[in-house]
There are 6 protein chains.
Amino acid sequence: MKKAVFPGSFDPITQGHTEIIKRGTLIFDHITVAIGVNSQKKYLFSLEDRLKMLEACFVNYPQIGVAAYHGLTVDFAREQDAGFILRGLRSPQDLSYEQPIELINKHMAPDIETVHLLSSPKTAAISSTIVREVIKYKGDIDGLLPPEIVPFVRDSMY
Amino acid sequence: MKKAVFPGSFDPITQGHTEIIKRGTLIFDHITVAIGVNSQKKYLFSLEDRLKMLEACFVNYPQIGVAAYHGLTVDFAREQDAGFILRGLRSPQDLSYEQPIELINKHMAPDIETVHLLSSPKTAAISSTIVREVIKYKGDIDGLLPPEIVPFVRDSMY
Amino acid sequence: MKKAVFPGSFDPITQGHTEIIKRGTLIFDHITVAIGVNSQKKYLFSLEDRLKMLEACFVNYPQIGVAAYHGLTVDFAREQDAGFILRGLRSPQDLSYEQPIELINKHMAPDIETVHLLSSPKTAAISSTIVREVIKYKGDIDGLLPPEIVPFVRDSMY
Amino acid sequence: MKKAVFPGSFDPITQGHTEIIKRGTLIFDHITVAIGVNSQKKYLFSLEDRLKMLEACFVNYPQIGVAAYHGLTVDFAREQDAGFILRGLRSPQDLSYEQPIELINKHMAPDIETVHLLSSPKTAAISSTIVREVIKYKGDIDGLLPPEIVPFVRDSMY
Amino acid sequence: MKKAVFPGSFDPITQGHTEIIKRGTLIFDHITVAIGVNSQKKYLFSLEDRLKMLEACFVNYPQIGVAAYHGLTVDFAREQDAGFILRGLRSPQDLSYEQPIELINKHMAPDIETVHLLSSPKTAAISSTIVREVIKYKGDIDGLLPPEIVPFVRDSMY
Amino acid sequence: MKKAVFPGSFDPITQGHTEIIKRGTLIFDHITVAIGVNSQKKYLFSLEDRLKMLEACFVNYPQIGVAAYHGLTVDFAREQDAGFILRGLRSPQDLSYEQPIELINKHMAPDIETVHLLSSPKTAAISSTIVREVIKYKGDIDGLLPPEIVPFVRDSMY
């Protein structure tokens, strides 16, 4: 059984994330979507709300689990008995960011492989950073966020 | 009448900005140089001072106006009845940053086009970030800032 | 009257080209889509066929003309009395390619401005190079080429 | 059963290729290493030699097969009943090259997923292009080519 | 006598830094490894500790000195009578960051040359940023930090 | 005595090359500007003409020599007893190209260091490829080529 972890902040989860995760289930038997908790970062949504949103997105996907973790992603993957980390790539810029992280992960955990899927053109422009700006200025979030969480996020905007 | 908005923080406006804006008047009948106000960011110069500096740069350019706005750039462009956003590109790195912003703007406002001009080699290295470092350490700002604001900025350095 | 040249090989013209050209008519009063003739390159389609395809695409666009030229793009622009060159950017990679060309053009013709529009996600992956591969191996060209030339290209494939 | 195709020219196969392919067997149950035949390109090694070299590399790997194909990669993948294309990424530059190819493949074959693994630092500098230069000038190929084919290639150099 | 400055935050110094500095001594007669002090940044290690770590790394290298400075790097280089700044490049991304800094330095100090060495594959993934994450989460720092400072850093982790 | 090789095709040598080479003499005691001869490439200028142009550029620079070589650059450097290869970088794109070449050179000749200088903004857009286009179409070569060879190249254009 091939298990993977899809780590991130998910502040909030976007259509870009859900696309990669769902395509990932074609490769892996199980994917844990996992919120890396960093007590020094400020988030727009609380950890509780981010977990709720993840759950809302994947409630009908038995292959996909949801979790939060402290510490290194590779340590969490091992706890989960997952041999893979799944990551999406939107652009060469993304790869510049991902490449050193992956190599250091490999240095610390040579037994864990990172697998990359490229975003589709529809979602390649979507980042949580940009979405938070759109939320802050009450712009149109349709098409940017998974439909399952749009009402919740819209409520938070007013 | 073709109207454009040139948005930015202008903390402070540089020779790079003024070059693009002035070349932009070859394309557009009117350009509003507009400071996007973000209450959560810290600036070196106050909004008032940044507006004054913009005004000093363009006082002799009837095609160029100056403003500040809250909220989304595309909403401000619509208020101004501007069909275009003008942006400068210094490098492929810049485009990596601009591309998702433009695509999300297009998602929210399909009627607004973003037009890009490439910086000339003389100004391609100039960014407000680097200029702020030069100011902080009392380096030589000549050639980096528009001559109209050099005395004001130099005064602020002592 | 603001006139622009959109230069290229157009071997063949793609949906990516037509998108940029049509959006360009929002900025310019007239655009000449111009095939740069390079006698040392090998083309899949003859110059005659490439011109025919351009004409088919823009027959209903009075703002858009079609031409072929020998020599430097900036010399052709001047002949056309065009003050602008219009170019599309699909990616930072594209900009790496365009930037030195534009700077050398500026060196030779400081009076001509190059204006860039970013491709939409739908067309950002389309290049004439890839399309020629698809044609060569009889893949599906729908959505890659302007509908006006699909029948002609399909005929050429059999 | 998850099957993948790893397409390329393999002129010659390098340590970079074998690393990605072997790591790919952790993900896929079967990988076909497939030489795309392009009658218009010139190769250093004949198709026959390139196939022999592939076979020498993978003779002890029952999960890995070897083949040559004409036409589109996605068509070959379908013939093989393979739902995946496996690709290595050495650098952001590589991704700039791979991204449009993958998107056009997706356009023609939405049912086939492309999966990317990043090269390790040891092999990230190795390309068939550079290796051919080293061979041409009789440089040291150890560490660049799979040990199984080094004697054969060295023989070809004298 | 050719003297260079190798500026940085060194929070902490990594194997990537020491590799470049030691290779730099093949080019320069003397290199000052210099901590740029920025009172507005937060560091993981105090300036005192960072200086101690630098000293531990280069105690046996008479060609290499250690210092801290306030203000502009070019001003410090002049104080040191150093005609060169030495910098490492790990990736095109790094160059995107370095290029404008170097050009502004040249603008302020045309007499000072910046010289670049590319990181080896072994160290190209190592950054102080990633190392701080590994430290924070008590991951394996062996191979990432110079052996001379590993015990000190490990002590700081518990 | 620190000796370096500056390898290239120099078809023709540009202002970009001469800038880097002359700045290189601040670092190295001697630089050999060396034409790598590749019998399979087509050149605009003959080897003899390219050598003559190099000589014209550096006749007054006793620190700079001129040569042609067959085979690997690292082998030629060793023949010259040169411990360094000097290269210019115009852009991140350039580094993407240079990085694997340097790493393979290091693999074959660990004793030879490659040193990089960044082009100034004035020359960063100049490449021999673009210059050949300008020559072919009889554009303005002033400012692109070293003044010493402009008359010779201009003669070749008519």
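These legends go with a set of close-up views of a predicted model.

**View 1. Where chain A meets chain D.** Here 24 residues of chain A are in contact with 24 residues of chain D. Putting the two chains together buries about 2100 Å² between them, and carbon and sulfur atoms give 64% of that area. Five residue pairs are in polar contact between chain A and chain D. On the chain A side, strand S4 (84-89), helix H4 (92-108) and strand S5 (113-118) each supply at least two residues that touch chain D. H4(A) gives the most, with seven residues. Sorted by class, the side of chain A that touches chain D has 11 nonpolar, six polar and seven charged residues.

**View 2. How chains A and D are related.** Turn chain A by 180 degrees, with a shift of 0.0 Å along the axis, and it can be laid on chain D with an RMSD of 0.0 Å. The two copies are thus related as by a two-fold rotation axis. And which surface does each copy use? The copies meet through the same surface, because 100% of the interface residues of chain A are also interface residues in chain D.

**View 3. Salt bridges between chains A and D.** Side chains of opposite charge can pair when their charged atoms come close. How many salt bridges cross the interface of chain A and chain D? There are two. Take Arg23(A) and Glu113(D), whose side chains meet in a salt bridge at 3.0 Å, N to O.

**View 4. Glu113 and Lys106 in chain F.** Glu113(F) forms a salt bridge with Lys106(F), and their closest N and O atoms are 2.9 Å apart. Is Glu113(F) buried or exposed? Glu113(F) is buried, with a relative accessible area of 4%, while Lys106(F) counts as partly exposed at 24%. Over in chains A and D, salt bridges that share partners join Glu19(A), Arg23(A), Lys106(D) and Glu113(D) into one network.

**View 5. A link between helix H3 and a loop in chain F.** Arg78(F) and Asp111(F) form a salt bridge, with the closest N and O atoms 2.9 Å apart. Arg78(F) sits in helix H3 (residues 73-79) and Asp111(F) in the loop between helix H4 (92-108) and strand S5 (113-118), so the pair ties together parts that are 33 residues apart in sequence. Arg78(F) is partly exposed at 39% relative accessibility, and Asp111(F) is partly exposed at 48%.

**View 6. Asp94 and Arg90 in chain C.** The side chains of Asp94(C) and Arg90(C) meet in a salt bridge, at 2.9 Å from N to O. Asp94(C) counts as buried at 13% relative accessibility, whereas Arg90(C) counts as partly exposed at 27%. Over all chains, the count comes to 54 salt bridges.

Note on methods:
Residues numbered from 1 in each chain as written. Chains lettered and ligands numbered in written order. Predicted model: local features only at pLDDT ≥ 70, side-chain atom pairs only at ≥ 80, totals over all residues. Heavy atoms only, no water. Contact = heavy atoms within 4.5 Å. Buried area = accessible area lost by both parts, 1.4 Å probe. Salt bridge = Lys/Arg side-chain N within 4 Å of Asp/Glu carboxyl O. Polar contact = N/O pair within 3.5 Å; in protein donor to acceptor, adjacent residues only side chain to side chain. Helix = DSSP H or I, 4+ residues; strand = E, 2+ residues; numbered from the N terminus. Nonpolar A, V, L, I, M, F, W, Y, C, P; charged D, E, K, R; others polar. Least-squares fit on C-alpha atoms with pLDDT ≥ 70 in both. Buried < 20%, exposed > 50% of the residue type's maximum accessible area, 1.4 Å probe, protein only.
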